[in-house]
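Let's take a friendly walk through a protein model, one region at a time. Have the sequence and the 3D view ready as you read.

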Amino acid sequence: MWQRLNHTSPCVKETYHTDETAILVVRLNNYTFNGSITEDENNVLAFWGYIWGIEDLEGIGSSVEQSLLRLYRDEGLNGFCKLNGRFIIALWDKNKKIFRLISDKYGFCKLFYWISSDRIIFASEYKAIIWHEEFRSEIDVTAISDFMSLGYSLGDNTFFENIKLLPPASILTFNNDCGVSIERYWDYNFYSDSDVVYLENDYMQQFIEYLRKAISRQIRNDDVVGLPLSGGLDSRTLAGMFYKTGFKVDINCFSYGHTHNLDVVYGRKIAKNLGYRHTFIPIESTYLKIFAEQFVWLTEGGVNCLNAHMLSTYSFIKSNKIDTIVTGFLGDILCGSLMFSKILIGNNNDEEIINYIYDKYANLMKDIDKAFYMQPHVYENLKGVTFEKVRKKYFNCPSNNRYHRARYLGLHERQRRYTSFNLYIFDFISKVISPFLDLSFVQFSLHVPPNMQIMQNLYKKVIVKYLPEVASVPHNETRLPLNASWIRKGLHWRWERLVRNPLVEATIGRKYANMNDDYLNTDVAIKTGSRDFVIQHIRNNPFLAEYFNMDRIHHLLDDHMEGKINEYGKITALLTLSLWHKLFIEEKGFKCEVKEGFDKV
């Protein structure tokens with residue numbers, strides 16, 4: 001297990017083992033904060049992750065682990081249930097011979113487990129589990145079906161039938177007499193009619209104050225910060241907050257994409273307005289060829305490899321000696337994501353909403369696509385399964401409000417199983433924080449009345465009022481500043497119409513016409529710089545042939561390469577499956593070839 005988890009350098013391991021149990025913690029050498037083991041006469045506790053505000057707990061020890069152990073002695077398991085952070089805890093009771101695993105409230109720290117004939121084996125990456133001589137590589141076909149629709153698997157499934165992901169806010173208990181049980185200790189709760197309602201300005205002030213406190217809990221004044229900047233709202237809000245509150249940190253902003261990408265253009269403007277350094281990290285057409293295999297190895301097939309461009313930031317992080325990455329993860333969905341706004345406004349039909357959400361989420365393969373591309377006998381067993389999982393989670397929400405149900409689905413599935421890779425992909429190289437993930441801010445955001453949240457109305461007004469330096473930079477969605485006047489909005493509308501004229505587009509409007517929101521250009525990467533790599537791993541692949549009609553897959557691939565269609569999502573999903581099988585079935589996850597930008601494996 002140690003060999004498979006030791007893939008960053010330098011790193012340190014701590015171990016505890018007896019005849020009955022063994023625990024290993026691996027951490028980056030520079031960051032003793034986020035992982036260690038401690039014990040007393042009765043218990044052994046291992047911790048990995050980030051807990052914010054632990055210094056406020058009574059009876060604090062000299063380390064995070066000792067504080068947690070003291071908290072457990074004083075309050076039992078209930079003490080862990082109130083923690084604020086992103087973490088996993090393992091607890092061994094020496095006297096009662098009971099082993100427990102505890103996940104954070106959101107499940108944004110991964111922990112996988114497998115129950116063998118007489119033991120539980122667990123790890124934050126399941127490549128450390130599959131080496132076991134008793135483990136059988138039985139594939140979960142429903143997880144593959146989910147992945148081909150969504151780009152990620154649903155619920156707690158992995159591609160391996162016998163390996164599960166520990167659910168969020170859960171306590172798993174194991175002993176040899178009673179086996180395994182899992183208890184949930186928390187769930188998201190939302191605004192209700194019984195909540196106190198404030199004036200809009202009061203909510204705006206609370207927004208800023210909760211976010212300020214979250215940043216102060218998570219950031220140290222001597223941190224060297226890497227801040228990804230885009231043309232969206234979340235990253236500009238954090239950049240503006242650093243500027244407004246005067247945190248004494250060394251900020252290095254960066255944007256990735258291509259020269260005319262909106263994220264790069266607007267990210268550079270935001271950094272300039274605030275006086276921060278800004279670096280442009282180009283995403284080359286070879287990015288799949290260079291990074292896809294390493295990305296699949298690190299994420300264990302849990303995320304479509306079209307996102308492998310994230311690894312291109314590693315060289316920048318290391319060369320600038322950045323020790324903390326600050327992300328805007330979770331800000332979008334907490335603050336009124338635009339994704340479902342149109343269907344939710346005035347709609348009382350749950351089934352219509354679910355179908356709309358599923359259609360937006362399942363943007364790789366709809367059921368009609370699966371029926372065409374998958375082997376008939378495979379599809380017949382999978383028909384409608386992914387949709388029913390989405391539908392079930394929607395109705396599991398502890399609120400009858402349709403807006404909250406849509407958010408609940410997004411938080412539990414898309415954010416936990418997919419978008420959170422924006423956090424853990426950096427865990428291998430630095431400390432990673434997200435102020436939007438702070439428990440107080442989460443609770444505040446979920447209790448803002450829906451009419452203020454929808455279409456991100458309150459969020460935008462907060463930025464305009466309190467963060468004018470970043471409000472003056474255009475937003476990707478409209479290409480207009482958030483504080484644009486009605487006159488400017490009218491002129492912009494006329495300019496948008498004018499630039500569609502071929503003559504204007506080819507002359508004075510050329511630069512504007514070239515700007516776009518597709519920062520990856522994955523379709524071009526597949527056809528050019530990564531072409532041979534993609535073809536090599538998909539065409540005539542025997543693993544894919546077990547589930548897919550390869551004649552139709554070959555036609556799909558050929559048509560894309562010839563520019564007849566643009567199906568980069570389907571192709572990168574197939575590429576991910578192919579690479580996953582190579583790495584985790586054929587090679588048992590033991591090692592992955594080192595690529596540019598990494599230390600030795």
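## Y243 and its neighbours

Y243 touches L274, Y276 and E469, leaving aside residues up to four places away in sequence; a contact here means heavy atoms within 4.5 Å. Y243 sits in helix α6 (residues 234-245). Helices are DSSP runs of H or I with at least four residues, numbered from the N terminus. This is a predicted model, where local features need pLDDT of at least 70 and side-chain atom pairs count only at pLDDT 80 or more, while totals for chains, interfaces and linings use all residues. Residues are numbered from 1 along each chain as its sequence is written, and side-chain values use heavy atoms, with hydrogens and water left out.

Buried means under 20% relative accessible area, exposed means over 50%, and partly exposed lies in between (1.4 Å probe, protein chains only).

## An enclosed helix

Now look at helix α18 (residues 439-446): six of its eight residues are buried, so the helix is largely enclosed by the rest of the structure. Those buried residues are L439, F441, V442, F444, S445 and L446. They pack against α5 (200-218), α10 (331-334), α16 (402-419) and α19 (450-453).

## The nonpolar cores

In soluble globular proteins, nonpolar side chains tend to be buried together. A nonpolar core is a set of buried Ala, Val, Leu, Ile, Met, Phe, Trp, Tyr and Cys residues joined through side-chain atoms within 4.5 Å. The largest one here has 183 residues, and L68, F80, Y188, L330 and F548 touch the most other members. Helix α29 (residues 568-586) gives the most to this core, with nine residues.

Which residues does L68 touch? Not counting residues up to four places away in sequence, L68 touches L45, F47, I51, I54, F80, L83 and I89. A second, separate core has 20 residues, including F99, L111, Y113 and I120.

Helix α12 (residues 350-361) packs against helix α15 (residues 385-395) at an angle of about 125°, and their axes are 10 Å apart. The contact involves D350, E351, I353, I354, N355, I357 and Y358 of α12, together with T386, F387, V390, R391, Y394 and F395 of α15.

Key: Helices (H or I, at least four residues) and strands (E, at least two) are DSSP runs, numbered from the N terminus. Axes are lines fitted to C-alpha atoms, for helices over the stretch in contact, and angles run from 0 to 180 degrees between N-to-C directions.
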